[in-house]
Amino acid sequence: MSISVHHAPSTSPTEPHILDNAAWAALTGPHAHLAERLGRAARYPTDVSPFTALEDPADPRAWDDLAALVGPGTVTPVTEVRTLPAGWEIEDSGEGVQMVDTALYTEPAPEAVPLGPADVPEILGLIALTRPGPFLPRTVELGTYLGIRDHGRLIALAGERLRPPGWTEISAVCTHPDHRGRGLATRLVRAVAAGIRERGDTPFLHAAGSNIHAIRLYESIGFTLRRRTRFALVRTPGGQPDAQGRDGQEVPAAAPSAPGPAPSHG
């Protein structure tokens, strides 16, 4: 099924945009206090987020640093990578979209409550049921998370993930299947975005390229497609005896079960 999307205007046709390497910008910026960094590679603690980042995916030295950082034979996610150096293997890959706030109406949600470490077991249960994307025991440390409860039960949530300078990603947007169709996720997105705007940042988000429902909903409330993205799960050298080490191995554009950020409203 095809989908028509509106493209956000580019600020410069030649200069790289900070969102082109959002994880690196976050890990070397507002999230530097969380970063585990080795030279030209960085990652979040493994119980905070699966994201890793390369200063320059075209620099072989950055890949060497990433391999040393995460260890041999380790499967790790990378983004915006077209080819892999020798010794690296592709486990899975997929395509997504990056969307930015261009006309989003924001407002607080009086029924929303802040979520913190004590809420993590319940959050993980809702995440497992709705599968909006990766969420780990310390993901709540990345930013503000809001939830809506029904008779004490968490039924919807949304929060903040990557935070490059001047921008904040909205993520983990999900609603319990029994409570869909009530606009809960949209109210939470508006509320999270209100907090982002209040501190002077601009909201953005990622969605799986196949998640047509979420993309259309985000467009309808004021997000605009900025670019299409590519992400992959790759294995570092040294952990597979049968690894062929093919220099310049291309990363497929998509796979049936692609990992990566895939917020969904439900």
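Both Tyr 218 and Phe 223 are buried, where buried denotes a relative accessible area under 20%, exposed over 50% and partly exposed in between, for a 1.4 Å probe and protein chains only. The model is a predicted one, in which local features need pLDDT of at least 70 and side-chain atom pairs count only at pLDDT 80 or more, while totals for chains, interfaces and linings use all residues. Residues are numbered from 1 along each chain as its sequence is written, and side-chain values use heavy atoms, with hydrogens and water left out.

A search of the whole structure returns 4 aromatic pairs; rings of Phe, Tyr and Trp (its six-membered ring) pair if their centres lie within 6.5 Å, and planes under 30 degrees apart count as stacked, over 60 as edge-to-face and the rest as tilted. In one of these pairs, the ring centres of Trp 63 and Trp 88 are 4.8 Å apart and the planes stand at 75 degrees, so the arrangement is edge-to-face. Trp 63 belongs to helix 2 (residues 60–70) and Trp 88 to the loop between strand 5 (83–84) and strand 6, so the pair ties together parts 25 residues apart in sequence. Helices (H or I, at least four residues) and strands (E, at least two) are DSSP runs, numbered from the N terminus. Trp 63 and Trp 88 are both buried. For Tyr 218 and Phe 223, the ring centres are 5.8 Å apart and the planes are at 70 degrees, so this pair is also edge-to-face.

The largest cavity has a volume of about 130 Å³; a cavity is a set of points on a 1 Å grid over the protein atoms alone where a 1.4 Å probe fits but cannot get out, and lining residues have an atom within 4 Å of a point. The lining comprises 16 residues, of which Phe 51, Thr 79, Glu 80, His 206 and Arg 227 lie nearest the centre. Strand 12 gives the most to this lining, with 4 residues.

Notes:
1 Å grid on protein atoms, 1.4 Å probe; cavity = no way out; pocket = protein on both sides within 12 Å on 5 of 7 lines; lining within 4 Å. Points joined across faces, edges and corners; volume = space filled by probe spheres on them.
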